[in-house]
Amino acid sequence: MQQAISLAKEAAVKGDVPVGALVVHDSGNVVGRGANLREQDNDPTAHAEIVAIRNAAKKLGNYRLDDLTMVVTLEPCGMCAGAIAQSRIKRLVLVHLMKSTAQLDLSGIYFGIQELSINQR
Ligand SMILES: [Zn+2]
């Protein structure tokens, strides 16, 4: 969770909306990391979730991310929800940042956790 928040902070420092995402194995190993890179890369698809999915798929050599969990600091948009479904990620953990992200000051954030089981067979 802290890693996802750190990625969100990195995005904010670089002028992007602060969103961070991780793809995590049940063992706790992080296999994919992503920060929102839309402004930095001038890429409208470079949401943190997409970046993390691409990173994990490349690292694992497989687009099927079965049995993995995504941890993300913002509820996924429609594009990211579709990518999460297509990648077959089984669980989504939302880390809700309670402080306004518009302030770009995440030093005193509070967060809650919500887990969703998805892509069940
Ligand atoms: Zn998105």
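The model is predicted; local features require pLDDT of at least 70 and side-chain atom pairs count only at pLDDT 80 or more, whereas totals for chains, interfaces and linings use all residues. Residues are numbered from 1 along each chain as its sequence is written.

The protein contains 4 helices and 5 strands, these being DSSP runs (H or I, at least four residues, for helices; E, at least two, for strands) numbered from the N terminus. Along the sequence their pattern is α-β-β-α-α-β-α-β-β. Of the 121 residues, 36% are buried; a residue counts as buried if 20 or more other C-beta atoms lie within 10 Å of its own, as exposed if 12 or fewer do, and as partly exposed in between, with C-beta atoms placed from the backbone.

The largest nonpolar core has 30 residues, such a core being a set of buried Ala, Val, Leu, Ile, Met, Phe, Trp, Tyr and Cys residues joined through C-beta atoms within 7 Å. Ala21, Val23, Ala48, Ala52, Met70 and Val72 touch the most other members. At least two core residues come from each of α1 (2-13), β1 (20-25), α3 (48-60), β3 (68-72), α4 (78-87) and β4 (91-97). The largest share, 6 residues, is supplied by α3.

Strand β1 is largely enclosed by the rest of the structure, because 5 of its 6 residues are buried. Leaving aside neighbours within four places in sequence, Val23 is in contact with Val31, Gly32, Ala52, Ile53, Ala56, Leu65, Leu68, Met70 and Ile89, where contact denotes C-beta atoms, placed from the backbone, within 7 Å.

Two strands are taken to pair if DSSP finds at least two bridges between them. β1 runs antiparallel to β2 (residues 30-35), with 5 bridges joining them, and Ala21 stands opposite Gly34 of β2. The hairpin of β1 and β2 has 4 residues between the strands, and Gly28 there adopts a positive phi near 100°. β1 also pairs with β3 in the antiparallel sense over 5 bridges, and Leu22 stands opposite Val71 of β3.

In α4, the buried residues are Cys80, Ala83, Ile84 and Ser87. Seen down the helix axis, they fall within an arc of 100° and therefore line one face of α4; the arc is that of the directions from the helix axis to the C-beta atoms. The face turned away from the buried side carries the exposed residues Gly78, Gly82 and Ala85. Just after α4, Arg88 takes a positive phi of about 70°.

Technical notes
Two residues are in contact if their C-beta atoms, placed from the backbone, lie within 7 Å.
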